[in-house]
Amino acid sequence: MTNTAFRLNNVNKRKRKARPLPDWISREDTKRKTLQDVSTDLTSDLDSLQKRAVNAALSGANVFVTGVAGTGKSRVTQRIVTACQQAGRQVAVAAPTGVAAVNLDLDAQTIHSLAGIPVPQKARDFGNMFSPNTSKKWRKLQTLVIDEIGMVTAEFIDWLDVHVRRIRRAPLEVFGGIQLILVGDFCQLGPIPGSLSLRKSKPYHPSNPSADCFMNLQECTAYAFQSVLWREAKFVHVHLRKVYRQQSDQAFIRALQDLRESKADSANVKHLIQQCQTPLQNRPGASETIASGIRPTVLYCTNRNVDEENRRALLSLKSQGSLAKVFKAIDSVQVDDEVPESSRGVFRESLLRNKFFDHCQAAPTLELKVGAQVMLLQNVSEDRGGKYSTSRSGSNNNSKQQLVNGSRGVVIRFQLVPVVRDNKHTEERLMDPYDRDKFAGRRFDELKFGTTVEFDQRAWTVFKFVKFPVVRFLNNEERIILPSEFKRSLFRQGTCLRKQLPLRLAWAMTVHKSQGSTLDLVLVDLKGCFATGQSYVALSRAKSMDGLEIRNFDAKQVCSDPLVKAFYEAMDQDTMDDFLATQAGLWWYPILDSPEWNKMFSQASHSVAKQNSSQFRQWVKDYKPGPDYNGWKGKLGRS
Ligand SMILES: Nc1ncnc2c1ncn2[C@@H]1O[C@H](COP(=O)(O)OP(=O)(O)OP(=O)(O)O)[C@@H](O)[C@H]1O
């Protein structure tokens, strides 16, 4: 081909590309077709409401997905995230607490670390968001998914919104134009109040910009729907209806529904309590499982009871003469390459102090013994040679066949696993018994001291053996459990990494930690129940009454919030705008009554603030982070 011909061809190609599409295929349609394909692939096993949630998310709308416990909110969240990613969107997934983020298992992080701020005590803590790294991240983001929105306070979400708008220089758009997917159930555990007293902090006023804002963050227990954001975001509400977790036990579903609505004296609840008073070991199905060595998970309302129970249980095993093995986690951090050399030390220190290491489900030290009750913390993915995967898709769906995050079992022995070293002695590796490719046709237990195997184009020699637990799970599968990675990436900071066995002792756990999980065999002790929705969350973890024992139930402790009830009624009656305008109340109303506030504003401005959100918008407009943030001066005030 001559140069001229080549050029002509290119011109023709360009011309062809520029030719308009036929009238009957608009560009919008071709785009929709692609989204349609994504949606069909990901929603084939979802019910119609679950599909509606995924499609609404794909349409680009702000979506709120809710539903009673066990209706598949987590499953829908996973599909939404995958769908948005496949549609080419920049997605971030966050949850209000470390446990919820780790539970979600979608490489989610806490909302605070996503925001690049500590758990804020003062409005100016949000000033950290203006750091070049964090603001760049927020500018790129297209979709933000927040799970367990019921635990996020209205005040927090409004302050976040305010700062994201400024960072993205889009003051009039909710979250500066980022699509919001909020997921949660306001009848489950709500925002947890902290200890900071409102009275001790000064209200923010534009005339005194360096003062700390009125900071109610640690005290605010207003629901996210009491935010300005909720009024402006125009959410598509999707209320999932079909309960999957207890689908084989309709009487149980009815009782849970009554508990959710605080009808603790109903016939359904009485029936539930009566059925579930018999100890599990005296019930036909459960007693067989217990006889095979698997004891029920015990849920307590307080941490103290949980620790006591696990310690007691492990000690009782010790007294039977069984030897304990201690597995210590290996923690490390990796600072992002783009962090300048001069700041790497500071970033390293800050990553090492990250809350991830406190919240990580995998304990820093795990003591195990033969007979210890354990729970798997990650899915076992067969298609990846039996390794642990961080994906929770399909989790718990088919627990009889699959081992998933939450699967329960008992340690039956410890197994020696070979460690190999390459012939240059530069690297050591633990041999994964389920990674069959590595053994070149040999059986794992044929590997003896000094045996050489070849993989990764190198020869490796067995030079020592290390003991790891073998767990027998509820589905009777026995599996050697090897250390696995738990990590959290902090955008433009680096990664926190913990290497530990994906197991935790599972004789007992708190109700707060159990939120989001499905349990086959569970004993719920409601002594000391203190939070709204706590008894509902605890009891709704069980799959059926056959696998549930209830202790210390007190109808007086069952409480739900009438405001939440009204919120759901408004959603079902399609009167949400009216509810938000007249009943919900904005989170700062109680602050208006504080003496500090009274000094700042006249009675007249109170009523303005109560009537609409313009007052808040005014603060937003005038708000400037305090003097601590001079470092980011260049980035401020441009919005
Ligand atoms: N469409 C579906 N088909 C079959 N099983 C499903 C479906 N949706 C959800 N499930 C199963 O129902 C159980 C509960 O689902 P999931 O944990 O997603 O509910 P949830 O609404 O997030 O619950 P919670 O509010 O308690 O966290 C899981 O075992 C899940 O695999």
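In this predicted model, Lys-543 has a relative accessible area of 24% and is therefore partly exposed, and its salt-bridge partner is Asp-520, with the closest N and O atoms 3.3 Å apart. Because Asp-520 lies in the loop between helix 16 (511-514) and strand 23 (522-525), while Lys-543 lies in the loop between helix 17 (534-539) and strand 24 (548-551), the pair ties together parts that are 23 residues apart in sequence. Asp-520 likewise counts as partly exposed, at 25% relative accessibility.

A search of the whole structure finds 19 salt bridges. One of them joins Asp-45 and Arg-79, whose closest N and O atoms are 2.7 Å apart; this pair links distant parts of the chain, since Asp-45 is in the loop between helix 2 (27-43) and helix 3 (48-58) and Arg-79 is in helix 4, 34 residues apart. Asp-45 is partly exposed at 43% relative accessibility, whereas Arg-79, at 11%, counts as buried. Salt bridges also link Asp-422, Glu-427, Arg-429, Asp-456 and Arg-458 in a network.

The ligand is surrounded by 18 residues, of which Gln-50, Lys-73, Ser-74, Arg-245 and Arg-541 are the closest. The side chain of Gln-50 places an N or O atom 2.9 Å from a nitrogen atom of the ligand, and an oxygen atom of the ligand is 2.7 Å from an N or O atom in the side chain of Arg-541. Of the 630 Å² of accessible area that the ligand has on its own, the protein covers 91%. The shell consists of three nonpolar, 10 polar and five charged residues, and its largest share, three residues, comes from helix 4 (residues 73-86).

Conventions:
Residues are numbered from 1 along each chain as its sequence is written. This is a predicted model: local features need pLDDT of at least 70, side-chain atom pairs count only at pLDDT 80 or more; totals for chains, interfaces and linings use all residues. Side-chain values use heavy atoms; hydrogens and water are left out. A residue is near a molecule or strand if one of its heavy atoms lies within 4 Å of it. A polar contact is a pair of N or O atoms within 3.5 Å; within protein, one must be able to donate a hydrogen and the other to accept it, and residues adjacent in sequence count only if both atoms are side-chain atoms. Accessible areas come from the Shrake-Rupley method with a 1.4 Å probe; for residues, only the protein chains shown count as cover. Helices (H or I, at least four residues) and strands (E, at least two) are DSSP runs, numbered from the N terminus. Ala, Val, Leu, Ile, Met, Phe, Trp, Tyr, Cys and Pro count as nonpolar, Asp, Glu, Lys and Arg as charged, and the others, Gly among them, as polar. A salt bridge is a side-chain nitrogen of Lys or Arg within 4 Å of a carboxyl oxygen of Asp or Glu. Buried means under 20% relative accessible area, exposed over 50%, partly exposed in between (1.4 Å probe, protein chains only).
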